[in-house]
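Biologist: I have a few questions about how the terms are applied here. Could you walk me through them?

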Amino acid sequence: MDGRKRANIRPGLHVRIVLKEDQRTGHLTEGYVQDILTNSPTHPHGIKVKLETGEVGRVKEILSESES
């Protein structure tokens, strides 16, 4: 699924995000969505979310159930 479309994101979803400080390196952080912070239906760099750990970043990958 596409992490640039808000309709694909929901709380509890297993995702990989890029944190603000990791944008240059592209290092991804894995976790579960707690809140969706982007209000627009799409965003070219990924929908901004807050993970259950409190980390905030943009969704780069949505993991399927087999990857979680």
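Modeller: Happy to! This is a predicted model, where local features need pLDDT of at least 70 and side-chain atom pairs count only at pLDDT 80 or more, while totals for chains, interfaces and linings use all residues. Residues are numbered from 1 along each chain as its sequence is written, and side-chain values use heavy atoms, with hydrogens and water left out.

Biologist: Why is arginine 4 called partly exposed?

Modeller: Buried means under 20% relative accessible area and exposed over 50%, with partly exposed in between (1.4 Å probe, protein chains only). Arginine 4 has a relative accessible area of 44%, so arginine 4 is partly exposed.

Biologist: Which residues is arginine 4 in contact with, leaving aside its neighbours within four places in sequence?

Modeller: Contact means heavy atoms within 4.5 Å. By that rule arginine 4 touches Pro41, Thr42, His43, Pro44, Gly46 and Ile47.

Biologist: What makes β1 and β4 a pair?

Modeller: Strands are DSSP runs of E, at least two residues, numbered from the N terminus, and two strands pair if DSSP finds at least two bridges between them. Strands β1 (residues 14–19) and β4 (residues 56–62) are joined by 5 bridges, so they pair; they run antiparallel. Valine 18 stands opposite arginine 58 in β4.

Biologist: How do you know that β2 and β3 pair?

Modeller: Strand β2 (residues 28–36) and β3 share 3 bridges, so they meet that rule too, in the antiparallel sense. Aspartate 35 has lysine 50 in β3 as its bridge partner.

Methods. Helices (H or I, at least four residues) and strands (E, at least two) are DSSP runs, numbered from the N terminus.
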